Amino acid sequence: MVCENYTKIRERIDAACKLSGRDPKSVTLIAVSKTKPVSMIRELMEIGVEDFGENHAQELVAKTEEITEPLRWHFIGNLQTNKVKYVVGRACLIHSVNSLRLAEAISKESVKKGLVSDILIEVNIADEATKEGIAGDEAVSLVESASRLPGLHIIGLMAIAPPVDDPEENRPYFRSLRELAEKIGALGLEGVEMKELSMGMTNDFTCAVEEGATFVRVGTAIFGERSYPMQGR
Ligand SMILES: *Cc1c(COP(=O)(O)O)cnc(C)c1O
């Protein structure tokens, strides 16, 4: 079932690309496997899926210890600085960098491990009080400060749009994330490449693709409802 679901989502992404004149290869579908068992991940691996998303450091550690095949694990959750050591070197990309303090912790751990970590800056695009992420107008200065840290490569922005009934309601947010990335990219900061936009989930990924997403993060539509509520997200 997960494979059929995945294939259907992929087809809808490809159709959205076609509609907006984009190359389907420019959009990576991340299968958000948080709370879901390794057996489901293995089903997807059999059809060649390599990009998975997790939002808890412990779960990422457990799954990467069990699955040793080379996969791309995306860290998409709120990351506490004391958990950074578990994620640096395991995740191919940390999507959720929302403070200078966190960027500094990732920088320090990356230098210690002799790595350069790819990161995205998480923007609170709808300015929701309950969401993590930095306000749009503060994102520029966070990118500037983080770009001066060693061991980091800032490759774009990420946002979690609000839950809505009609995905069209989120289109302006996706568009504004893209515009913000363009604005930051135009600054030409060293160590910064604004080439990736991580946006769009189960309910709104087609809109996000039409507005320029390069990573969509889809959980429920692939794996089904999560059986226990996540703390926070
Ligand atoms: C859980 C989660 C997703 C997937 O959400 P679905 O609505 O199940 O597709 C995407 N992004 C983040 C950051 C998440 O925590």
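This is a predicted model: local features need pLDDT of at least 70, side-chain atom pairs count only at pLDDT 80 or more; totals for chains, interfaces and linings use all residues.
Residues are numbered from 1 along each chain as its sequence is written, and side-chain values use heavy atoms, with hydrogens and water left out.

Back to the ligand. A polar contact is a pair of N or O atoms within 3.5 Å; within protein, one must be able to donate a hydrogen and the other to accept it, and residues adjacent in sequence count only if both atoms are side-chain atoms. In the side chain of T220, an N or O atom is 2.5 Å from an oxygen atom of the ligand. For K34, a polar side-chain atom lies 2.7 Å from a ligand oxygen. The side chain of R226 has an N or O atom 2.9 Å from an oxygen atom of the ligand.

Next, T35. T35 sits in the loop between β1 (28–32) and α2 (38–46). Helices (H or I, at least four residues) and strands (E, at least two) are DSSP runs, numbered from the N terminus. T35 is not a glycine, yet its phi is positive, about 70°. Is T35 buried or exposed? T35 is buried, at a relative accessible area of 13%. Buried means under 20% relative accessible area, exposed over 50%, and partly exposed in between, using a 1.4 Å probe and protein chains only.

Now the strands. Two strands pair if DSSP finds at least two bridges between them. β1 and β2 pair in the parallel sense over two bridges, and A31 has F52 in β2 as its bridge partner. Together, β1, α2 and β2 form a right-handed β-α-β unit; right-handed means that, with the strands pointing away from the viewer, the path from the first strand over the helix to the second runs clockwise.

β2 (residues 51–54) and β3 (residues 72–75) run parallel and are joined by four bridges. The chain gets from β2 to β3 through helix α3 (residues 57–66), and this β-α-β crossover is right-handed as well. D51 is opposite R72 in β3, and F52 has W73 as its bridge partner there. In a regular strand, side chains alternate between the two faces of the sheet. β2 is covered on both faces: D51 and G53 on one side, F52 and E54 on the other, are all buried.

β3 continues to β4 (residues 93–97), again parallel, over two bridges. The bridge partner of F75 in β4 is I94.

A nonpolar core is a set of buried Ala, Val, Leu, Ile, Met, Phe, Trp, Tyr and Cys residues joined through side-chain atoms within 4.5 Å. The largest has 68 residues, and L44, I94, I106, L157 and I222 have the most contacts inside it. Helix α1 (residues 2–19) gives the largest share of this core, seven residues. What does I222 touch? Leaving out residues up to four places away in sequence, I222 touches V2, N5, Y6, I9, L29, A31 and L44, where contact means heavy atoms within 4.5 Å. A second, separate core has nine residues, including I30, I76, L93 and F215.

Last, N124 in strand β5 (residues 117–124). N124 counts as buried at 9% relative accessibility. N124 and A161 are 37 residues apart in sequence and 8.2 Å apart in space, C-alpha to C-alpha.
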